[in-house]
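Please look at the chain shown below and follow the briefing beside it, topic by topic.

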Amino acid sequence: MGAAYTILGRTVQPHQLAIATLLGVVFIAVPKPWAPAAPAPTPSINASSPEEEKFIKEYLAKHLAEEKH
C-alpha cells in the first residue's frame, strides 16, 4: 500500500482524505434545497397621511385577492 496518514490514532488513506475534503466543501457550498424558502419581503409604504396608507393597503389587498382567483 502507499503512504497513509495517522489522524486521531486511525490510519487514513490519502484518497479517503481527498474524498472527505471534497464532500465537505460541497456540503458547505451547495444551498440546501430542503430548507424553506424565505418569504418575499413586502415593500414599505411611505404614505404622507394615515388615509393614504389605508387606501394603499386596501387597494393591494383587493388586487391580490383578485389575482388569486
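Tyr5 is partly exposed in this predicted model, because its relative accessible area is 46% and partly exposed covers the range between buried, under 20%, and exposed, over 50% (1.4 Å probe, protein chains only). Tyr5 lies in strand S1, where strands (E, at least two residues) and helices (H or I, at least four) are DSSP runs, numbered from the N terminus. Residues are numbered from 1 along each chain as its sequence is written. As the model is predicted, local features need a pLDDT of at least 70 and side-chain atom pairs count only at pLDDT 80 or more, while totals for chains, interfaces and linings use all residues, and side-chain values use heavy atoms, with hydrogens and water left out.

**Around Tyr5**

- Leaving aside neighbours within four places in sequence, Tyr5 is in contact with Arg10, Thr11, Val12, Pro14 and Leu17, contact meaning heavy atoms within 4.5 Å.
- Between Tyr5 and Ala18 there are 12 Å in space, C-alpha to C-alpha, and the two are 13 residues apart in sequence.
- Together with Ile7, Leu8 and Leu17, Tyr5 forms a nonpolar patch on the surface, and the four have about 430 Å² of accessible area together.
- Such patches are made of residues with over 30% relative accessible area and no salt bridge, with like charges joined within 9 Å and nonpolar side chains (Val, Leu, Ile, Met, Phe, Trp, Tyr) joined within 5 Å.
- Accessible areas come from the Shrake-Rupley method with a 1.4 Å probe, and for residues only the protein chains shown count as cover.

**Leu8 in its loop**

- Leu8, a member of the nonpolar patch, lies in the loop between strand S1 (5-7) and strand S2 (10-12).
- Leu8 counts as exposed because its relative accessibility is 84%.
- Although Leu8 is not a glycine, it has a positive phi of about 50°.
- Most residues other than glycine have a negative phi.

- The structure holds one salt bridge, a term for a side-chain nitrogen of Lys or Arg within 4 Å of a carboxyl oxygen of Asp or Glu.
- Lys57 forms a salt bridge with Glu53, and the closest N and O atoms are 3.2 Å apart.
- Lys57 and Glu53 are four residues apart in helix H2 (residues 50-68), so about one helical turn separates them.
- Lys57 is partly exposed, with a relative accessible area of 46%, and Glu53 also counts as partly exposed, at 30% relative accessibility.

- Pro43 lies in the loop between helix H1 (14-29) and H2, and it is exposed because its relative accessible area is 69%.
- Pro43 and Lys57 are 14 residues apart in sequence, while their C-alpha atoms are 11 Å apart in space.
- Phe27 has its place in helix H1, and with a relative accessible area of 62% it is exposed.
- Phe27 and Gln16 are eleven residues apart in sequence and 16 Å apart in space, C-alpha to C-alpha.

**The chain as a whole**

- The protein chain has two helices and two strands, and from the N terminus on, its elements run β-β-α-α.
- The radius of gyration of the protein chain is 28 Å, whereas a compact globule of 69 residues would have one near 11 Å.
- This radius is taken over C-alpha atoms, and the globule rule is 2.2 Å times the number of residues to the power 0.38.
- Taken along the principal axes, the C-alpha atoms of the protein chain fill a box of roughly 80 × 30 × 15 Å.
- Of the 69 residues of the protein chain, 3% count as buried.
- The accessible surface of the protein chain comes to about 6,800 Å², and 66% of it belongs to carbon and sulfur atoms.

**Confidence of the prediction**

- The protein chain averages a pLDDT of 87, and 99% of the residues score at least 70, pLDDT being the predictor's confidence in each residue, from 0 to 100.
- Among the elements of the protein chain, S2 has the highest mean pLDDT (94) and H2 the lowest (89).
- Where pLDDT is low, the predicted coordinates should not be read in detail.
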